[in-house]
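Me: I am new to this structure and would like a short tour. Could we start with the ligand and then move on to the backbone?

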Amino acid sequence: MSERRPGVPSWVARSAQTPPPASRVTPSRSPMAPSGARTPAPPQQPAGLGMDSAAVRARMVQRLASAGIKSPAVLAAMGGVERHRFVDSALVNQAYEDTSLPIGLGQTISKPSVVARMIELLLGSEIGKSGLGRVLEIGTGCGYQAAVLARVAREVYSIERLRGLHEKARSNLRPWRLANVHLIFGDGMEGYASGAPYAGIISAAGGEATPQAWCEQLAVGGRLVAPMVVAGGKQALLVIDKSSHGFTQSILEAVNFVPLKSGIA
Ligand code: SAH
């Protein structure tokens, strides 16, 4: 049962439901659902969370808002996705802390504050302000950020180079049957031409340089948000906007992401 507390905006309480609203669930056309499968039972609350996850998530959303996230769409999306279902059962109690957590194969799920910040930046592009169309995510990992993106973008293409994680994301996302999320196993350094052009491209892995394919596959008016290695070998968030005149680039705050690697494994 979801707890209503003073100070929690009603949209948080509304959006933090299990499972997501039926309007976002399309049974047989989902790219993640086996064809002909029946609607699965809603996932069980994992043992160990020990409290109402909607209330814990609402507190996380309040912290994100206090830390400067302003977009109601981003806050609602963060409040709506159950992060604890994307981490190992041993880590469930840390799922709503602002920390990255291991997801296997040496990779991590990004901190909620970084996920929210990057998606807010994506929505700030010229064509993102009125709602995002197609988005490409590089580095599906456990699928958490793809689930958040599914709430703010019309279509999400998410590519992962490690087969084990691609499959983990597929199974994590399966109960939600998000018809607008397309999981791809491949090397995201080449982008994913079949879904281009993208209103937004977001990378969850940090490279040394921006792959040419990403710039080519970005729509005019679209924005790329990615961690990038800058002076001194440290990473910072890079924002590239594409206009009819060319590209403009800004380097923002320091971040700490797993490396962008080429090839599949
Ligand atoms: N968005 C993810 C974060 C995963 S960490 C989540 O919510 O869990 C970043 C991921 O990027 C890792 O899984 C890593 O394997 C993947 N990655 C690194 N280089 C890549 C590439 N070239 N193409 C696709 N995925 C890549």
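Reply: A definition comes first: a polar contact is a pair of N or O atoms within 3.5 Å. Please note also that this is a predicted model.

Me: Which polar side-chain atom lies 2.9 Å from a nitrogen atom of the ligand?

Reply: That atom belongs to Asp 187. Taken alone, the ligand exposes 580 Å², and the protein buries 99% of that.

Me: What about backbone atoms?

Reply: A backbone N or O atom of Gly 139 is 3.1 Å from a nitrogen atom of the ligand. For Arg 161, a polar backbone atom lies 3.3 Å from a ligand nitrogen.

Me: Changing topic, which residues does a cis peptide bond join?

Reply: Ala 196 and Pro 197, with omega at about 5 degrees. Pro 197 lies in the loop between strands S5 and S6. Most peptide bonds are trans.

Me: And is Leu 105 buried or exposed?

Reply: Leu 105 counts as exposed because its relative accessibility is 55%, and the cut-off is over 50%. Its phi is positive, near 55 degrees.

Me: What of Arg 177, buried or exposed?

Reply: Arg 177 is buried, with a relative accessible area of 3%. Its phi is also positive, about 45 degrees.

Notes: Residues are numbered from 1 along each chain as its sequence is written. This is a predicted model: local features need pLDDT of at least 70, side-chain atom pairs count only at pLDDT 80 or more; totals for chains, interfaces and linings use all residues. Side-chain values use heavy atoms; hydrogens and water are left out. A polar contact is a pair of N or O atoms within 3.5 Å; within protein, one must be able to donate a hydrogen and the other to accept it, and residues adjacent in sequence count only if both atoms are side-chain atoms. Accessible areas come from the Shrake-Rupley method with a 1.4 Å probe; for residues, only the protein chains shown count as cover. Helices (H or I, at least four residues) and strands (E, at least two) are DSSP runs, numbered from the N terminus. Buried means under 20% relative accessible area, exposed over 50%, partly exposed in between (1.4 Å probe, protein chains only).
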